[in-house]
Amino acid sequence: MAEQKGIRAKAQQFGSYLSGMIMPNIGAFIAWGIITALFIEDGWLPNAQLATMVDPMLRYLLPLLIGFTGGRMVYDIRGGIVGATATMGVIVGADIPMFLGAMVMGPLAGYLMKKIDDLFQAKIRQGFEMLYNNFSAGILAALLAIVAVYAIGPVVEGLNTMLAAGVGVIINAGLLPLANIIIEPAKILFLNNAINHGILSPIGADQASEVGKSILFLLEANPGPGIGILLAFMIFGKGASKSSAPGAAIIQFFGGIHEIYFPYVLMKPILILAVIAGGVSGVFMFQLFSAGLVAPSSPGSIFAVLAMTAQDSYLGVILGVLVAAAVTFVIAAIILKSSKTETDSLAEAAGKMEEMKGKKSSVTGALNQDEEENEDIIKTVTIQKKKPEQIDKIIFACDAGMGSSAMGASLLKNKFKKADIDIIVTNKAINDIPDDADIVITHKDLTDRAKNKLPTAEHISVDNFLSSPKYDELVERLKDN
């Protein structure tokens, strides 16, 4: 059992790392998708001059951004610069978009740069620091780029070709819907990032560059199964699960944060059959109508999905989402109505989800706050408690710096607005916490990393971002000043 948990934790960490390289650059992917959808020959507003941006963005801009981000995650800006330069080698050394190559070269370059600095930086004489910094980075970047052209690029291209061929075989055999037998449980276990960002998105981008769209972008992002589960609980659920389902449905379907429906499935694990059936049915419809997106949809909001839908795919995408929701709803409703035993409490299910994921989930706080309102919800770890007049910026930090931390930051902003407190509140990825942050609010499992990143800040550690009485304490503390 311990060995299985270790393997799952490593898979989760790997997925989180891949997500950390892709998620900050989703805006660039969306920009490329919009330009592609609008200006290519078969687009909404064909424009030959503007369409010339499509191929360079796909081949150069996006891989370089990923390579830079991967290097920066390992060794800050210095690692990012070397990572982007080394990524240029895999771009030149292959004939396909090098997203996978960028995911290899970026972190590798950052790691090697860090090790070289550990060996030599302390031995550099005063006055020669800039000379060392510039030339060591330049020499390493040049060497890695050369190696990438002749070695890494061809290997990654071969791997990508093999994976794409495998996906092609599955698609041609009509078996792609069966992929959701793996994807839907993987979402519950928080393993979807490794599948989605490590395989589906890179291959999907390659397909989109050739035919203008890819069905692979829809496999994980489809909001249908989640909304189907939540609608079933709205009608056939009991107690806290029934009353909280409408709010959760809004967050999941329109906000795109799928994590919020996971505890509902875990309340009665047999419901996994409902989301699998819904996912399979949705992908079958996507495939039947040859539907696809022009770029990744992130988050998995219905708005984001429709924004990235190819011009000829709106009917297929909408039907796929609706069918997935309907199938999931019907099966979930049958399971909930025929159940002769009471479901676990929502709080217990949320805890079960967090245990399976190997970390706490801030989103589940929106679900169980009625049941756990006063039960040791948060803990505060203060490295140095700052005076109110010293506080100008508060940062919420999580792995990717988007979903849960953004919701927490929004909640505190509203409280500050009502209390007429003029302090900056924003959210960041934990690796991007700014040096001028005065208070950093993190989940307790991430607090040590945040402390290492910025030891001079006051750190507040919470069990969830959405149900914290410490926010009110912070408001009172700052309002009194």
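**Entry 1: surface patch**

I began with the surface of this model, where Trp-44, Leu-45, Tyr-314, Ile-318 and Leu-322 make a nonpolar patch of about 490 Å². I note at once that the model is predicted. I then picked out one member of the patch, Leu-322. Leu-322 sits in helix H15. Its relative accessibility is 52%, so Leu-322 counts as exposed.

**Entry 2: aromatic pairs**

Next I asked how many aromatic pairs a search of the whole structure finds. The search gives four.

I looked up Phe-236 and Phe-329. Their ring centres are 6.3 Å apart and their planes meet at 40°. An angle over 60 would be edge-to-face and one under 30 stacked, so this pair is tilted. I traced where the two residues lie. Phe-236 belongs to helix H10, residues 224-236. Phe-329 belongs to helix H15, residues 314-338.

Phe-236 has 27% relative accessibility and counts as partly exposed. Phe-329, at 22%, is also partly exposed.

**Entry 3: an edge-to-face pair**

I moved on to Phe-396 and Tyr-471. This aromatic pair is edge-to-face, with 5.8 Å from centre to centre and 65° between the planes. Phe-396 is in strand S1, residues 393-398. Tyr-471 is in helix H20, residues 469-480.

Phe-396 is at 0% and counts as buried. Tyr-471 is at 2% and counts as buried. The cut-off for buried is under 20%, so both labels follow.

**Entry 4: a ring cluster**

Which residues do ring pairs link into a cluster? I found Phe-253, Phe-254 and Phe-303.

**Entry 5: Leu-64**

Last, I turned to Leu-64. Its place is in helix H4, residues 54-92. The relative accessible area of Leu-64 is 25%, which makes this residue partly exposed.

I then listed its contacts, leaving out residues up to four places away in sequence. Leu-64 touches Ala-84, Thr-87, Met-88 and Ile-91. I also looked up one C-alpha distance. Leu-64 and Ile-81 are 17 residues apart along the chain, and their C-alpha atoms are separated by 9.7 Å.

Notes
Residues are numbered from 1 along each chain as its sequence is written. This is a predicted model: local features need pLDDT of at least 70, side-chain atom pairs count only at pLDDT 80 or more; totals for chains, interfaces and linings use all residues. Side-chain values use heavy atoms; hydrogens and water are left out. Rings of Phe, Tyr and Trp (its six-membered ring) pair if their centres lie within 6.5 Å; planes under 30 degrees apart count as stacked, over 60 as edge-to-face and the rest as tilted. Helices (H or I, at least four residues) and strands (E, at least two) are DSSP runs, numbered from the N terminus. Buried means under 20% relative accessible area, exposed over 50%, partly exposed in between (1.4 Å probe, protein chains only). Patches are made of residues with over 30% relative accessible area and no salt bridge: like charges are joined within 9 Å, nonpolar side chains (Val, Leu, Ile, Met, Phe, Trp, Tyr) within 5 Å. Accessible areas come from the Shrake-Rupley method with a 1.4 Å probe; for residues, only the protein chains shown count as cover. A salt bridge is a side-chain nitrogen of Lys or Arg within 4 Å of a carboxyl oxygen of Asp or Glu. Contact means heavy atoms within 4.5 Å.
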